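Colleague: Please pick one part of this model and take me through it closely. Then show me how it sits in the rest of its chain.

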Amino acid sequence: MSLAETLSFLPYGQYALYIWLSYGLTFILILGLFVRASINYKKIRIQLKNKYAREND
Amino acid sequence: MWKWIQKLASPKVFYETTNKLIPWFFWPFIVLIIIGLYWGLVLAPADYQQGESFRIIYIHVPSAWMSMLVYFIMAVAGGIGLIWQIKMAEVVAKVSAPIGATFTLIALITGAVWGKPMWGTWWVWDARLTSELILLFLYLAYISLNNAFDNPKTAAKASSILAIVGLVNLPIIHYSVKWWSTLHQGSMFNDISNPSMHPDMLWPLFIMVFAFQFLYGVLALVSARDEVLVREQNSRWVRSIVMEEQS
């Protein structure tokens, strides 16, 4: 029994594996872009704060 | 118009404008993606030939479309930075690259996953697929070249030239299904007044394309805002913004 057949109980039947795999991977990649942007936002502000604090000392 | 562009070329104005624009892109993205996904996954009827598998179109086509649009924006912005020495154009080009590369990757992955049940294979060295893969390599080359130099000016110059040269790949991707005999299906919009899709299937596709455009807008604005802070870190206005956020 193939994986596509095993997962055919999900919505979209025999194509469930392909549809959910596509949407799942897309969600992960787009989420990755948002996470990266959020990490950069925090990292840059911390770096700049430290730089200015050092300059003020 | 020209005055407005000149004003936007100032890093401080650019930073303030991006900050203001972010919610104007984020909320339309959220609304459109919810409507598009619901319409595409639930309301749209199954295709008479491809069955339910056609629903992959609602992420495959918008991401493929965006992969080319973002590359075009990146190359044009790079060209503007190169010719008119506008630093903010360099910023737009730089921040667009990882976003465009991700759209290209999504288009390639969803295309492969769609190809398996329809063509019986994940991948073929077909003109459309190969030219899209070359687009991904162009993005990766641009990102690598941009990170290879310490001086942002030199990095922008070298990578912009690469982006402009790579523009030649866009018409190849678009017309590949016409110029060569390919496994990939042809364009659905040869005649815009008479598309080959039923409106019930077409409307959610349009909505998803707009949602992806707003998604690019949000991500580019957020990244551009941070990139400006890094580039202008020795300016007084950046110092005051960062210190204000701290207090």
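Modeller: In α5(B), the buried residues are B:A127, B:R128, B:L129, B:E132, B:L135, B:L138, B:Y139, B:Y142 and B:N146. Buried here has a cut-off: 20 or more other C-beta atoms lie within 10 Å of the residue's own; exposed means 12 or fewer, partly exposed is in between, and C-beta atoms are placed from the backbone. Keep in mind that this is a predicted model, where local features need pLDDT of at least 70, side-chain atom pairs count only at pLDDT 80 or more, and totals for chains, interfaces and linings use all residues. Residues are numbered from 1 along each chain as its sequence is written, while chains are lettered from A and ligands numbered from 1 in the order in which they are written.

What covers those buried residues? The cover includes α3 (57-84), α4 (87-119), α6 (152-166) and α7 (169-179) of chain B. Helices are DSSP runs of H or I with at least four residues, strands are runs of E with at least two, and both are numbered from the N terminus.

Now check the length. Helix α5 of chain B runs over residues 127-147, which is 21 residues. The expected span is 1.5 Å times one less than the number of residues. That gives 30 Å, and the end C-alpha atoms are 30 Å apart, so the two agree.

One residue of helix α5 of chain B is B:S144. Is B:S144 buried or exposed? B:S144 counts as exposed because it has 12 C-beta neighbours inside 10 Å. Its C-alpha atom is 8.7 Å from that of B:S159, 15 residues apart along the chain.

B:S159 of α6(B) also takes part in a contact with α3(B). In contact means that two C-beta atoms, placed from the backbone, lie within 7 Å. On the α3(B) side are B:M74, B:A75, B:G78, B:G79, B:G81 and B:L82. They meet B:A156, B:K157, B:S159, B:S160, B:A163, B:I164 and B:G166 in α6(B). By class, this contact has six nonpolar, six polar and one charged residues. Nonpolar covers Ala, Val, Leu, Ile, Met, Phe, Trp, Tyr, Cys and Pro; charged covers Asp, Glu, Lys and Arg; the others, Gly among them, are polar.

How do these two helices cross? The axes of α3(B) and α6(B) come within 8 Å, at roughly 135 degrees. Axes are lines fitted to C-alpha atoms, for helices over the stretch in contact, and angles run from 0 to 180 degrees between N-to-C directions. The pair is therefore oblique. Angles under 35 degrees are roughly parallel, over 145 roughly antiparallel, 65 to 115 roughly perpendicular, and the rest oblique.

α3(B) also packs against α4(B), at about 155 degrees with axes 7 Å apart. That makes them roughly antiparallel. Their contact has 18 nonpolar, 10 polar and one charged residues.

Finally, the whole chain. Chain B has nine helices and zero strands. Its C-alpha trace spans about 65 × 35 × 35 Å along its principal axes. Of its 247 residues, 37% are buried. Chain B also meets chain A: 29 residues of chain B are in contact with 22 residues of chain A. α4(B) gives the most to that side of chain B, with 10 residues.
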